[in-house]
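Here is a short briefing to read alongside the model. Please keep the 3D view open as you go through the points below.

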Amino acid sequence: MTQQTPIAAVPADTPVGEVLAGQVIAVTGADQGYGRTISAALARAGASVVLIGNNSETLAAAASQLEQAGGNAIPIKADVGVPLDWLSAQTRILDIYGALHGIVHLADKRAHAEFTMLSENEWMDLFNCNVKSSVAITQILRRRLPGTWLTIIGPHTDERGLHVHPQRGAVQGLVEHAHREQLRLNLLLPSRGSSGEDALDRPVANAVLALAAPGMSALRGNVIEVPLPAVPKLRVQEDYPL
């Protein structure tokens with residue numbers, strides 16, 4: 001079921017220790033884009049956040065920033081497009097914390113070329129990052145941690161091209177039917193790519209927080225479009241000779 005319903009906002013200044021206190025939540029792609037905004041929001045809400053990505057240095061820097069702000073965060077390098085990498089990361093999280101309550105998976109990699117010019121390599125990269133990774137994480141959860149919730153950030157609704165539809169359709173089908181396996185999956189579809197500004201991207205983080213709330217455990221199988229404010233266009237000031 002696709003919805004375009006506003007989700008209750010969680011203020012940016014929510015004190016640490018509230019809302020999600022005691023939850024251990026992993027965020028993939030946590031060192032960039034929506035991943036950074038979502039990780040910061042989860043940490044402010046009291047969750048212990050595991051930052052997962054491919055770059056050790058940027059992950060460590062992001063974790064350090066969250067710690068300095070009073071949050072609890074650790075970095076783990078892993079390529080979630082490789083099932084064994086995700087399984088290793090999941091095992092390490094359990095070794096450290098003894099639990100993994102939720103996962104926010106960024107499956108929103110965008111193409112750099114139009115559909116007619118999309119190479120096989122780029123298509124396979126998109127498929128691995130957005131579809132294969134989502135299926136693999138879900139499968140491993142079903143085998144080992146069926147009580148852990150998963151919120152997927154899917155391909156943005158402003159992205160055009162035929163290649164977007166099989167990706168979004170596959171992830172949407174996964175989410176809408178996961179309840180048959182007694183899994184708690186939901187899908188968020190932002191209206192655009194990340195702006196890099198927390199204030200502009202906060203509605204996505206608010207939606208993640210709302211779905212992560214313990215009292216929302218009955219919500220599953222939802223596909224929710226998240227409207228976002230437009231990114232202001234930069235105006236280049238021209239210098240005129242006096």
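A salt bridge is counted here when a side-chain nitrogen of Lys or Arg lies within 4 Å of a carboxyl oxygen of Asp or Glu. By that rule, the structure holds four salt bridges. Bear in mind that this is a predicted model. The protein has 242 residues, of which 47% are buried.

**Overall fold**

- The secondary structure consists of six helices and eight strands.
- Going along the sequence, these elements follow the order β-β-α-β-α-β-α-β-α-β-α-β-α-β.

- One of the salt bridges joins the side chains of Lys-109 and Asp-125, at 3.6 Å from N to O. Lys-109 sits in the loop between β5 (102-106) and α4, while Asp-125 belongs to helix α4, so this pair links distant parts of the chain, 16 residues apart.
- Are the two partners of this bridge buried, exposed or in between? Lys-109 is partly exposed, at 32% relative accessible area, and Asp-125 is partly exposed too, at 33%.
- Another salt bridge is formed by Arg-110 and Asp-158, whose closest N and O atoms are 3.0 Å apart. This pair also links distant parts of the chain: Arg-110 is in the loop between β5 and α4, and Asp-158 is in the loop between β6 (149-153) and α5 (164-177), 48 residues apart.
- Arg-110 has 29% relative accessibility and counts as partly exposed. Asp-158 is likewise partly exposed, with a relative accessible area of 32%.
- Glu-181 and Arg-142 form a salt bridge as well, with 3.1 Å between the closest N and O atoms. Because Glu-181 lies in the loop between α5 and β7 (185-190) and Arg-142 in helix α4, the pair ties together parts that are 39 residues apart in sequence.
- Glu-181 is partly exposed, its relative accessible area being 40%. Arg-142 counts as partly exposed at 36% relative accessibility.

**The aromatic pair**

- The structure holds one aromatic pair. Its members are Trp-123 and Phe-127, with a centre-to-centre distance of 6.3 Å and an angle of 50° between the planes.
- Why does this pair count as tilted? Planes under 30 degrees apart would be stacked and those over 60 edge-to-face, so an angle of 50° falls into the tilted class.
- Both residues lie in helix α4 (residues 120-144), where they are four residues apart, about one turn of the helix.
- Trp-123 is partly exposed, with 26% relative accessible area, and Phe-127 counts as partly exposed at 32% relative accessibility.

**The largest pocket**

- The largest pocket has a volume of about 580 Å³.
- Which of its 27 lining residues are closest to the centre? They are Gly-29, Gln-32, Leu-106, Asp-108 and Lys-109.
- The elements that give two or more residues to the lining are α1 (33-44), β3 (48-53), β5 and α4. Helix α4 gives the most, with four residues.
- Sorted by class, the lining has seven nonpolar, 14 polar and six charged residues.

**The largest nonpolar core**

- In soluble globular proteins, nonpolar side chains tend to be buried together.
- The largest nonpolar core in this model has 34 residues, and those with the most contacts inside it are Ile-38, Leu-42 and Val-104.
- At least two residues of this core come from each of β2 (24-28), α1, β3, α2 (56-68), β5, β6, α6 (198-212) and β8 (223-226).
- Helix α6 supplies the largest share of the core, seven residues.

**A backbone detail**

- Most residues other than glycine have a negative phi.
- Gln-182 has a phi near 60°, a positive value in a residue other than glycine.
- Where is Gln-182 placed? It is in the loop between α5 and β7.
- Is Gln-182 buried or exposed? At 58% relative accessibility, Gln-182 counts as exposed, because the cut-off for that class is over 50%.

Conventions: Residues numbered from 1 in each chain as written. Predicted model: local features only at pLDDT ≥ 70, side-chain atom pairs only at ≥ 80, totals over all residues. Heavy atoms only, no water. Phe/Tyr/Trp six-rings, centres within 6.5 Å; stacked < 30°, edge-to-face > 60°. Buried < 20%, exposed > 50% of the residue type's maximum accessible area, 1.4 Å probe, protein only. 1 Å grid on protein atoms, 1.4 Å probe; cavity = no way out; pocket = protein on both sides within 12 Å on 5 of 7 lines; lining within 4 Å. Points joined across faces, edges and corners; volume = space filled by probe spheres on them. Nonpolar A, V, L, I, M, F, W, Y, C, P; charged D, E, K, R; others polar. Core = buried A, V, L, I, M, F, W, Y, C linked by side-chain atoms within 4.5 Å.
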